[in-house]
Amino acid sequence: MFCPKCGAKNDDDGSYCSSCGQKLSEASKQTGPDLVLNVGQKNRIIAVILNFIFPGIGYWYWGYKKVLGINPILIFIGWILVTYFSNYLVFGLGLPFLALDLFLTYDLYVKTEGKPGWLEASK
Ligand SMILES: [Zn+2]
């Protein structure tokens, strides 16, 4: 069990905290400290940043199986191929791609707020 005052771990049968001396109630024996994070919880910020650096991957991280009917992993692979080759062909295509990247990033940001966003996506 964890001490409700200082958070130190104590033996389950102890009556007082070995760290700070706080009396340990039955209630605190059953529940851990509030600090314990839900490991399975996804982080919106990580999702949005991922979608900016790796367009499509953020959607995938957030649990979307399809965006505009396409697997988001394929969107990412397509993005890499298109930007890689287009940068060789036409210098200056970077800005439209940056704009599209920002659009995808903002779309996911809106989606993580629980709103539909602009692009059709399903989980
Ligand atoms: Zn304590």
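The structure is a predicted model, in which local features need pLDDT of at least 70 and side-chain atom pairs count only at pLDDT 80 or more, while totals for chains, interfaces and linings use all residues. Residues are numbered from 1 along each chain as its sequence is written.

**Overall fold**
- The protein contains five helices and two strands; helices (H or I, at least four residues) and strands (E, at least two) are DSSP runs, numbered from the N terminus.
- Along the sequence, these elements follow the pattern α-α-α-β-α-α-β.
- Of the 123 residues, 18% count as buried, meaning that 20 or more other C-beta atoms lie within 10 Å of the residue's own; exposed means 12 or fewer, partly exposed lies in between, and C-beta atoms are placed from the backbone.

**Nonpolar core**
- A nonpolar core is a set of buried Ala, Val, Leu, Ile, Met, Phe, Trp, Tyr and Cys residues joined through C-beta atoms within 7 Å.
- The largest such core has 11 residues, including Ala47, Val48, Trp62 and Leu108.
- Helix H2 (44–53), helix H3 (57–61) and H5 each give two or more residues to this core, and the largest share, three residues, comes from H2.

**Thr112**
- Thr112 lies in helix H5 (residues 94–112).
- Thr112 is partly exposed because 18 other C-beta atoms lie within 10 Å.
- Not counting residues up to four places away in sequence, Thr112 touches Arg44, Ala47, Val48 and Trp62; contact requires C-beta atoms, placed from the backbone, within 7 Å.
- Thr112 and Trp62 are 50 residues apart in sequence, and their C-alpha atoms are 7.8 Å apart in space.

Notes:
Contact = placed C-beta atoms within 7 Å.
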